[in-house]
Amino acid sequence: MRAQPTASHFIDGEYVEDTTGAPIECVYAATGEIVARLHEATPALIDRALAAAARAQADWAALRPVERGRVLHKASQIIRARNQELSELETLDTGKPIQETLVADATSGADALEYFAGFAATVTGQTVPVGGGDFVYTIREALGVCVGIGAWNYPTQIACWKAAPALAFGNSMVFKPSEVTPLGALKLAEILMEAGAPAGLFNVVQGRGSVGAALVTDPRVAKVSLTGSVPTGRKVYAAAAQGIRHVTMELGGKSPLVIFDDASLEDAIGAAMLGNFYSTGQICSNGTRVFVQKGLKQRFLSRLKERTETILIGEPLDPETQMGPMVTADQLDKVMGYVEAGVAEGATLITGGKRLDRAGNYMQPTVFADVTDQMTIAREEIFGPVMVVLDFDTEDEVIARANDTEFGLAAGVFTSDLARALRVVAQLQAGTCWINTYNLTPVEAPFGGSKLSGVGRENGHAALEHYTQVKSVYVATGPVDAPY
Ligand code: NAD
């Protein structure tokens, strides 16, 4: 097997195993083959990871920022040099095609490390005049020990998007990957050490929700950053609130993609396909409610069907494969349940809708049309390759309907009228929007959700707010004017 991690956890600078923890099997989604056997972290290991992170943090924060940046930059270079091997591991971990993992996973993690490496040394405070020669200066300080908890769809990217800003600004981290995809984060830990990070700075412990819960409530923890579903977000947010901890919540979505009839048809279809079928539809920000203006509907659907039916489904390690299996058999069952609900509630199945008759968790890319706002498939996050197409007449109507959801992660608009695009985007309730494209998330741009989709932002300058706090120091230059 390719470059497997050598043990379940990475704590205080080394791989650590304790086989008394409950077993976790890492299953290759394309074949059902077990690619790694790991164990959940025991309470003793969780304690060891948090103690190591707490010990490492103060010295790391005291380094010159440029030195912290150098370590992260080196890590980004190692990741790029080892991209092939890391991408193969990511494919085994998730079932996503190598065609994708080569360009969207470790490389996106390297981008984050590189970006925050450069950012680290630019962080400064303010000097605030307060009269009489006195002044206040501010210091941006690290929060301390941060906990990162990941989802299974982008395991390496999520680990990097959390670790890079946390470490750049002087924090340490204990990261718990999803139990479904435990491998990628271990490689990040190994690479950070190789790049010169001190032992204990970035630790990885494996486990299910209970391990995450133990991390979130530990008194040593200053901040929790979760990527996951809304139900988990509610639990983690509430648990973090007990200790008044900082949180970032990157949660689910049911994002609208609005296509006006003056849009470039091929571009709009390409974006709708990318925004529903990339990573077998397992992307939080996917534009899963595709609103198509009535004048374009028939042409849109017939060309969409044609293009969707050319998608090459296959063995994820084959470079030709464009779509792989769902991450787990459970996820496939869940998505097929939504397909059945779509049919039962009267949506028109344009293409797909079936499991593939082969080993692995495969299904066809699926498109429903004539979907109405109240149907289950228009309201709930499906998290699979199921595109839901709804019709609309007017701009005002589509804005109201696009916003009629409890989620607020992302949104997209396709039109050749830029003024209209700007006007519509200004009214959409979403943390991240795209005009005439979809799902591009460069590290330079803040990313995150509104409404139930989350709080806080990852990436961009915005991340500074979420991994530091401001200390305000009043400097007096005259006598103390006490009345007694
Ligand atoms: P999930 O909510 O089931 O699990 C997420 C993580 O939380 C896992 O590591 C899990 O072990 C852990 N967890 C579960 N219960 C916990 C608890 N009580 N305390 C602490 N940790 C706990 O999500 P998933 O199925 O792994 O991922 C899919 C979801 O993630 C989708 O809803 C998707 O939209 C969302 N997601 C959001 C983003 C984003 O950036 N907004 C990105 C990727 C995925």
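This is a predicted model: local features need pLDDT of at least 70, side-chain atom pairs count only at pLDDT 80 or more; totals for chains, interfaces and linings use all residues.
Residues are numbered from 1 along each chain as its sequence is written, and side-chain values use heavy atoms, with hydrogens and water left out. Local features need pLDDT of at least 70 and side-chain atom pairs count only at pLDDT 80 or more, while totals for chains, interfaces and linings use all residues.

**Helix H10**

Helices (H or I, at least four residues) and strands (E, at least two) are DSSP runs, numbered from the N terminus. Helix H10 spans residues 265-277 and has 13 residues. From its first C-alpha to its last, H10 reaches 18 Å, close to the 18 Å expected at 1.5 Å a residue. That expected span is 1.5 Å times one less than the number of residues.

H10 is mostly covered, with 10 of its 13 residues buried. Buried means under 20% relative accessible area, exposed means over 50%, and partly exposed lies in between (1.4 Å probe, protein chains only). The buried residues of H10 include Leu265, Ile269, Met273 and Phe277. Ala268, Gly270, Ala271, Ala272, Gly275 and Asn276 are buried in H10 too. An α-helix has 3.6 residues a turn, so residues three or four places apart point the same way.

What do the buried residues of H10 pack against? Their partners are helix H11 (297-308) and the strands E12 (256-259), E13 (289-293), E15 (366-369), E16 (386-392) and E17 (410-414). Contact here means heavy atoms within 4.5 Å. Just after H10, Ser279 takes a positive phi of about 55 degrees.

**Strand E7**

Strand E7 (residues 145-149) is largely enclosed by the rest of the structure, because 5 of its 5 residues are buried. In a regular strand the side chains alternate between the two faces of the sheet. Both faces of E7 are covered. Val145, Val147 and Ile149 are buried on one side, and Cys146 and Gly148 are buried on the other.

E7 pairs with strand E8 (residues 172-176) in the parallel sense, over 5 bridges. Two strands pair if DSSP finds at least two bridges between them. Val145 stands opposite Ser172 in E8.

**Salt bridges**

A salt bridge is a side-chain nitrogen of Lys or Arg within 4 Å of a carboxyl oxygen of Asp or Glu. By this rule the count comes to 30 salt bridges. Three of them are listed here.

| Pair | Closest N and O atoms |
|---|---|
| Arg82 and Glu85 | 3.0 Å |
| Arg420 and Asp262 | 3.1 Å |

Arg420 and Asp262 form a salt bridge. This pair links distant parts of the chain, 158 residues apart. Arg420 sits in helix H15 (residues 418-427), and Asp262 in the loop between E12 and H10. Arg420 counts as buried, at 13% relative accessibility, whereas Asp262 is partly exposed at 26%.

Lys305 is partly exposed, with a relative accessible area of 33%. Glu309 is partly exposed, at 47%.

**Surface patch**

Val128, Val130 and Tyr474 form a nonpolar patch on the surface. Together they have about 260 Å² of accessible area. Patches are made of residues with over 30% relative accessible area and no salt bridge; nonpolar side chains (Val, Leu, Ile, Met, Phe, Trp, Tyr) are joined within 5 Å, and like charges within 9 Å. Accessible areas come from the Shrake-Rupley method with a 1.4 Å probe; for residues, only the protein chains shown count as cover.

Is Tyr474 buried or exposed? Tyr474 is exposed, because its relative accessible area is 51%. Tyr474 is found in strand E20 (residues 468-475).
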